[in-house]
2 protein chains.
Amino acid sequence: METWSITDLADEYGVTLRTIRFYEDRGLISPERRGTQRIFHPRDRVRLGLILRGRRLGFSLSQIATIVDMYDAEPGEAGQLRYLIEQIDGRRLELEQRRKDIDETIADLDQVERRCREDLERLS
Amino acid sequence: METWSITDLADEYGVTLRTIRFYEDRGLISPERRGTQRIFHPRDRVRLGLILRGRRLGFSLSQIATIVDMYDAEPGEAGQLRYLIEQIDGRRLELEQRRKDIDETIADLDQVERRCREDLERLS
DNA sequence: CCTTATGCTTACGTAAACGTAAGTCTAAGA
DNA sequence: TCTTAGACTTACGTTTACGTAAGCATAAGG
């Protein structure tokens, strides 16, 4: 199974070493240590991808932490499972609201662009 | 034409007075002044809505400023219009990337939820 | 006319998310 | 063996987006 150094992942995802170390410090990833050096396994790499996707969506790191931890949740007992499902439903609602925001913004931008093109026509 | 006080808008949008004043300080809105008091016109109210929508999408205030200013761009000359269209296209690409992120995240959450429900079934 | 509510400015404080040295260590190639 | 590249920790600095008084002005209701 492939592993990566911190520089490998920083290059791949376009972030700095500091960023990755910071995420570890905040408990978002826990790479293996070989001596003092960090060794990243596929699991860590995937988590980093999820973290950065959450970041693009404007979630805070603590929100991202709860989301990413859902992926690795152990089966657990019924109460915990129901709680997790509740959390997921909450997140989904948030995400759907955001998608609505995006669609509205794109529609607005389209309208502004149409106006621009009309003005351009008129100028020629 | 209706106008609003700063508290009116703060209540309507669920933000603090400080937030609105801060946006004015950063040049995102410029309400009229009656003496020292701020009077918000429909135009200001709409802009505030746009600002907060941008905030929900995780844009920084300076990014939001450029977006919101697109709405109020004066017709201008051909070069400026073409530049504006370019800006709009750039923003749209960004937004579409974000929508992809959202759709992927929702799909992931759906999968986790299905796994949860299966585990629940197994427990009963 | 007096009080209470609403609003204003100024300014220091703060949490989040890293940036940026500074100094150390170590493994690998010339 | 020397040095260079890659990694590490510690810790102070920075930017963004407001929070939080403090002190003063003004408008509106009883």
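The surface near DNA strand D draws two or more residues from each of helix 1 (6–13), helix 2 and strand 2 (37–39) of chain A, and likewise from helix 2 and helix 4 of chain B, where helices (H or I, at least four residues) and strands (E, at least two) are DSSP runs numbered from the N terminus. The model is a predicted one, in which local features need pLDDT of at least 70 and side-chain atom pairs count only at pLDDT 80 or more, whereas totals for chains, interfaces and linings use all residues. Residues are numbered from 1 along each chain as its sequence is written, while chains are lettered from A and ligands numbered from 1 in the order in which they are written.

DNA strand D is surrounded by 17 residues, of which Ser5(A), Thr7(A), Arg38(A), Ser60(B) and Leu61(B) are the closest; a residue counts as near a strand if its C-beta atom, placed from the backbone, lies within 6 Å of it. Helix 2 of chain B provides the largest share of this surface, with 3 residues. By class, the surface near DNA strand D comprises 4 nonpolar, 9 polar and 4 charged residues, with Ala, Val, Leu, Ile, Met, Phe, Trp, Tyr, Cys and Pro taken as nonpolar, Asp, Glu, Lys and Arg as charged, and the others, Gly among them, as polar.

Around DNA strand C there are 16 residues, and those that come nearest are Ser60(A), Leu61(A), Ser5(B), Thr7(B) and Arg38(B). The elements giving two or more residues to this surface are helix 2 (17–25) of chain A and, from chain B, helix 1 (6–13), helix 2 (17–25) and strand 2 (37–39). Its largest share, 3 residues, belongs to helix 2 of chain A, and the surface as a whole divides into 4 nonpolar, 8 polar and 4 charged residues.

Between the two protein chains, 29 residues of chain B are in contact with 29 residues of chain A, contact being defined by C-beta atoms, placed from the backbone, that lie within 7 Å. On the side of chain B that touches chain A, helix 3 (42–56), helix 4 (61–71) and helix 5 (78–123) of chain B each supply at least two residues, and helix 5 gives the most, with 22 residues. This side of chain B contains 17 nonpolar, 2 polar and 10 charged residues.

Leu84(A) is located in helix 5 (residues 78–123) of chain A and, when residues up to four places away in sequence are not counted, touches Met70(A), Ala73(A) and Cys116(B). Leu84(A) is classed as partly exposed because 19 other C-beta atoms lie within 10 Å, the class falling between buried (20 or more such atoms, placed from the backbone) and exposed (12 or fewer).
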